[in-house]
Amino acid sequence: MRTVNIGELKNQLSGYLQYVKNGEEIVVRDRSVPVARILPFRQDAEWEREAQLVASGALKMPEETVDWDGFFLAPAGNVSREIAVESALESRGDR
């Protein structure tokens, strides 16, 4: 894993993208504080269609992973209409 400050990344972007293409992870720092990661894009068969959708702007990749264990362990039951509508609107984001 490599680390780089924003200024150097801007000046040497092609070089750092080559590291990513070669499978390395890049941690981007702002004044030595980590703020982002650049990861290699997965190119296996199941991701090929999603990659096309992302490139076209029709799909946005998730910003965080889902805790599936917690999701399925949540208590079952009825949810009020108010909470269901609020959750649906929140999940839509900025669409």
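## Exercises on strands and salt bridges

The side chains of R31 and D30 meet in a salt bridge, with 3.4 Å from N to O; a salt bridge here is a side-chain nitrogen of Lys or Arg within 4 Å of a carboxyl oxygen of Asp or Glu. Before you start, note that this is a predicted model, where local features need pLDDT of at least 70, side-chain atom pairs count only at pLDDT 80 or more, and totals for chains, interfaces and linings use all residues. Residues are numbered from 1 along each chain as its sequence is written, and side-chain values use heavy atoms, with hydrogens and water left out.

**Exercise 1.** Work out the order of the strands in the open sheet and which of them stand at the edges.

*Solution.* Start with the elements: strands (E, at least two residues) and helices (H or I, at least four) are DSSP runs, numbered from the N terminus. Two strands pair if DSSP finds at least two bridges between them. The three strands have the order β1-β2-β3, with mixed pairing. β1 (2-5) and β3 (33-38) each have a single partner strand, so one side of each is left without a neighbour in the sheet.

**Exercise 2.** Decide whether R31, D30 and the strand β3 are buried or exposed.

*Solution.* Apply the cut-offs: buried means under 20% relative accessible area, exposed over 50%, and partly exposed in between (1.4 Å probe, protein chains only). R31 counts as exposed at 72%, while D30 is partly exposed at 33%. In β3, the number of buried residues is zero of six, so the strand lies largely in the open.

**Exercise 3.** Find the salt-bridge partner of R37 and say which parts of the chain the pair links.

*Solution.* The partner is E25, with the closest N and O atoms 3.6 Å apart. The pair links distant parts of the chain: R37 belongs to strand β3 and E25 to the loop between α2 and β2, 12 residues apart. To finish, the count of salt bridges comes to four, including that of E63 with K60 at 2.8 Å.
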